[in-house]
Each structure stands twice: as structure tokens, then as C-alpha cells.
Amino acid sequence: MEFEDVNSDIESVVLTKEQIAEGIARIAREIENNHTGHTPLLIGVLKGAVMVMADLARELHIPIEMDWMAVSSYGASTKSSGVVRIVKDLEISLEGRHVIIVEDIVDSGLTLSWLLENFESRQAASVSVATLLRKPDAMKVDVPIDYLGFDIPNDFVVGFGLDYAESYRNLSGVGVLKPAVYGG
Ligand code: PRP
């Protein structure tokens, strides 16, 4: 889905699909440089990371494996509490593996912070983080980002995996949603 398909819902374009492709290619080159001689395990955090994972995996010129994790927050205060529960756990063991967590966005940082702590006991050889987007002004906890696509302003953005009420994930770019759409 392109911006013109949802023109009336989008206030401004943050990243075009071309810019996103460049950012993902840049991340892929950095990952390749750091992972010669072994097969990293990319872990996508459902659902938002699906698009990033699909493009990043195909852009990488090294062997990789993929697994997925789904997490959900407890109750409505999710985002503020940072307490999450595992909806779908990993199927591949992390023991001895070079793990790269793949995210669409780091917003408050709470999800990632919880994931990194959860992974600590799983005996990975290394754990690093790749995210297409980061909102520096929204971060509540300091989380290490090893591979970053773009820093973006603290606006309500949708597209390329990011949703509002499950819609707009298939938008090929990232844009700011008009407040009228979500009653803002
Ligand atoms: C989004 C995103 C991250 C998380 C980041 O997922 O994919 O996992 O929020 O936010 P945080 O830094 O404030 O914790 P969301 O919970 O919206 O689920 P989804 O990926 O299924 O849309």
C-alpha cells in the first residue's frame, strides 16, 4: 500500500520506501561486517518487525537463521509499566548463538529492555539489537542499539509494520497519522 492509497489519513511522510530500503541495506552491511564466519540468529518481535525482518533477511549476503517472539503487555498500562508476557516463545535455542533482535521501532525502550533481560539467562554468545526506527524523545530507559536505521520525532507514526488498531502495517513507507483518525 502506498501513501496515495491512504492520503487522507496521513499528515506527513517521515520515510519513503526508498529511504527505508537504504536504511535496511546500511544495517545489512554493518551486520555482515560483524558476523563473518558464523550464522547469526535473527529474532523478530511480532508483529511490527515482520516487514523489517523480511527485507533485512533478503538484503543480507550471509547465512542467517530466523526465529520469532511475540510479547504482550499486561493490561492497558503496558507501555508505561514495561511488564510484558510472552505470547509466543522462541523455538530455537539461544545457547552459544550470536543473536540479533530485530525491531521495527524502539519507542519507550521498555519492550527491548525486558527482552534483553529475558535473554540474559539463555546463554547466547552475544546479543545485539537492530531497529529500523528509534524515537529518542520517547525513550524512558536507555537501551543499547547496535544497528539503527533512523531516529524519528516523537509523533504517532504508522506504516512498514507499524499499526494503528492493526491497520496501516502494509504501508510501504512511514508517515505521521492524522490525529483525526485516532480521535486525537
Ligand atoms: C511495538 C514495537 C515494539 C514496541 C516498542 O510493538 O514493535 O515491539 O512496540 O515500544 P516500546 O519501546 O515503547 O516498548 P507493539 O507492542 O505495538 O506490538 P506490534 O508489534 O504487534 O504492533
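The model is predicted, and local features need a pLDDT of at least 70, side-chain atom pairs count only at pLDDT 80 or more, and totals for chains, interfaces and linings use all residues. Residues are numbered from 1 along each chain as its sequence is written, while side-chain values use heavy atoms, with hydrogens and water left out.

Helices (H or I, at least four residues) and strands (E, at least two) are DSSP runs, numbered from the N terminus.

Several N or O atoms of the protein lie within reach of ligand oxygen atoms. A polar contact is a pair of N or O atoms within 3.5 Å; within protein, one must be able to donate a hydrogen and the other to accept it, and residues adjacent in sequence count only if both atoms are side-chain atoms. The side chain of Ser-108 places an N or O atom 2.6 Å from an oxygen atom of the ligand. Backbone atoms take part as well: a polar backbone atom of Gly-48 is 2.8 Å from a ligand oxygen, and a backbone N or O atom of Asp-107 also lies 2.8 Å from an oxygen atom of the ligand. Taken alone the ligand exposes 500 Å², of which the protein buries 81%; accessible areas come from the Shrake-Rupley method with a 1.4 Å probe, and for residues only the protein chains shown count as cover.

Strands of a sheet pair through backbone hydrogen bonds, either parallel or antiparallel. Two strands are said to pair if DSSP finds at least two bridges between them. Strand β2 (residues 41–46) runs parallel to β5, and four bridges join them. Strand β2 also pairs in the parallel sense with strand β3 (residues 65–73), over six bridges. Leu-42 shows both pairings: its bridge partner in β3 is Met-66, and in β5 it stands opposite Ile-100. Five of the six residues of β2 are buried, where buried means under 20% relative accessible area, exposed over 50%, and partly exposed in between (1.4 Å probe, protein chains only).

Met-53 belongs to helix α2 (residues 50–59). With a relative accessible area of 0%, Met-53 is buried. Not counting residues up to four places away in sequence, Met-53 touches Leu-42, Ile-43, Gly-44, Met-66, Asp-67, Trp-68 and Val-102, contact meaning heavy atoms within 4.5 Å. The C-alpha atoms of Met-53 and Ile-43 are separated by 8.5 Å, and these residues are ten apart along the chain.

A second sheet is open and antiparallel, with three strands in the order β1-β9-β8. Strands β1 (10–15) and β8 stand at the edges, each with a single partner strand, so one side of each is left without a neighbour in the sheet. Four bridges join β1 to β9, and Ser-12 has Val-176 as its bridge partner in β9.

The loop between β8 (157–158) and β9 (174–177) holds Arg-169. Arg-169 counts as buried because its relative accessibility is 17%. A polar atom of the Arg-169 side chain lies 2.9 Å from the backbone oxygen of Gly-161. Leaving aside neighbours within four places in sequence, the contacts of Arg-169 include Lys-47, Gly-48 and Phe-160.

Most residues other than glycine have a negative phi, and most peptide bonds are trans. Phe-160, in the loop between β8 and β9, has a positive phi of about 50° although it is not a glycine. Gln-123, in the loop between α4 and β6 (126–134), has a positive phi of about 60°. Phe-160 counts as buried at 9% relative accessibility, whereas Gln-123 counts as exposed at 53%. The peptide bond from Leu-46 to Lys-47 is cis, with omega near 0°, and Lys-47 lies in the loop between β2 and α2.
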